[in-house]
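Reader: I am new to this structure and would like to go through some of its details. Could we look at it together?
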Amino acid sequence: MIVGYMRNLKKPDSLARTTSLIAKSYGIELLYMNPANVDIKKKKVYGRLLVNNKWVDKETDIPPFIDVVPYCFKKESKEVMDFLKETTLLSEDRQNVITKEYLQEVLSKDEAFSHLMIPTHPMETVEDLHHYLNQYQKVVLKPESGLRGKNIYFIEKVEANVLQIGFNTEKWKIPLNELKSFFDTALKGKNYFLQKYVVSRTPQGDPFDCRVHVEKNGRGRWAIAKIYVRIGIGQSVISNVNQGGGVSDTREFLKANYGDKWQEIYRYLKKLGKIIPEKMEELRGKYIMTLGLDVGIDQSGEHFYLFEVNDSPSSKALKSDVAYFRSNYYLYVLKVKLNIHVKDAKEEVESLSDRIAQMQKEIREKDRALAGMEKQIVQKEKELTSKEKRLNNMLNSTSWKMTGILRKTKKIFVKK
């Protein structure tokens, strides 16, 4: 059974290879594909399959299920993606997408999550920016459509008429009267929203957060693939690994920074990995396959902040874990959601074992029949040998020799 794996990259990456190898053990072939590989008129896909550890071209029907990332839903791919929405089941269809601003608004009103929320506001004019800088002194600006921590600014009012701006690993100061110019150049018309800056930093002053990466498992339930700490070494805004940050083991990091509280903190992170994904599915009204929760912790270890819920989390730090969960989830979707029978490796072995057992039974029965025939042949040979022996004894007997003249005379008279 073939499952689609849609990405924008032309060549399959290492995650695709690992996922394909694991999926094969479940009886699933992974078809690597791009939106451009879909032929709407013929309802065909021209993708690639991993055969003998090499990617080979393959033409096939539209797979019944396609693992697709949000990045594939671009303007130039709209016709293809709309076609696939109607034709097959997608892991993500971009329907009822929850904006970051709306998520903050909804969760702020929910008693189970309100303590995690950071004050968040829309920002349409430079006056909005002035207002919240006066209120909070430090703010973070995030693009509404941003993914993986890109294009995020930090602004701090360091003096009455001086602002400090941070972007990636850079920091610079500007006079307050130049804020409008900065706003018009960097932010205007780009749908940024504003958050109060909260402290989630190491003792060395580097920003960090805890990434709780969750995946659906083989039973269609949320499971934690991995929890790890991202440290923005030398960064001014967030702990963005893609921009030069580092990754730390969560347990060791918490032990080093929070002492005896580390176990309580870790248990709470695991709890968030269960309740937030369930809430996201409730809000969207659809099944989701993967999420990345970015959680900040203050220096006391008492307060937690939900920075972001990413619906396309990076898998660089946990490729094998993600590949394992995805392969199991594919099997669940095919069997449970689509009611398609997939004969996995275990079933193949069991089926082969049954066939071998049946063949062995047939061979044993034939062996018994042959053994019976051989026994009969041996008996016949014994009987024949016995008869030949009696005949030879008779021919060599004195009586047979003495009556030889009489037998010849009888033949003469019979001829006459």
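Reader: Which side chain does Glu 282 meet in a salt bridge?
Author: In this predicted model, the side chain of Glu 282 forms a salt bridge with that of Lys 279, at 3.5 Å from N to O.

Reader: Where are Glu 282 and Lys 279?
Author: Both belong to helix α7 (residues 262–284); because they are 3 residues apart there, about one helical turn separates them.

Reader: Is Glu 282 buried or exposed?
Author: Glu 282 counts as exposed, because its relative accessibility is 56% and the cut-off is over 50%. Lys 279, by contrast, is buried, with a relative accessible area of 13%.

Reader: How many salt bridges does the count come to?
Author: The count comes to 25 salt bridges. One of them joins the side chains of Glu 308 and Lys 100 at 3.1 Å, N to O. That pair links distant parts of the chain, 208 residues apart: Glu 308 is in strand β18 (residues 304–310) and Lys 100 in helix α3 (residues 100–108).

Reader: And are Glu 308 and Lys 100 buried or exposed?
Author: Both Glu 308 and Lys 100 are buried.

Reader: Which residues are linked in a network of salt bridges?
Author: Arg 7, Asp 67, Glu 215 and Arg 326 are linked in such a network. Arg 326 is also among the buried residues of helix α8.

Reader: Changing topic, where does Thr 88 lie?
Author: Thr 88 lies in the loop between α2 (78–87) and β7 (89–90). Thr 88 is buried, at 13% relative accessible area.

Reader: What does the side chain of Thr 88 reach?
Author: The side chain of Thr 88 comes to 2.8 Å from the backbone oxygen of Pro 64.

Notes
Residues are numbered from 1 along each chain as its sequence is written. This is a predicted model: local features need pLDDT of at least 70, side-chain atom pairs count only at pLDDT 80 or more; totals for chains, interfaces and linings use all residues. Side-chain values use heavy atoms; hydrogens and water are left out. Helices (H or I, at least four residues) and strands (E, at least two) are DSSP runs, numbered from the N terminus. Buried means under 20% relative accessible area, exposed over 50%, partly exposed in between (1.4 Å probe, protein chains only). A polar contact is a pair of N or O atoms within 3.5 Å; within protein, one must be able to donate a hydrogen and the other to accept it, and residues adjacent in sequence count only if both atoms are side-chain atoms. A salt bridge is a side-chain nitrogen of Lys or Arg within 4 Å of a carboxyl oxygen of Asp or Glu.
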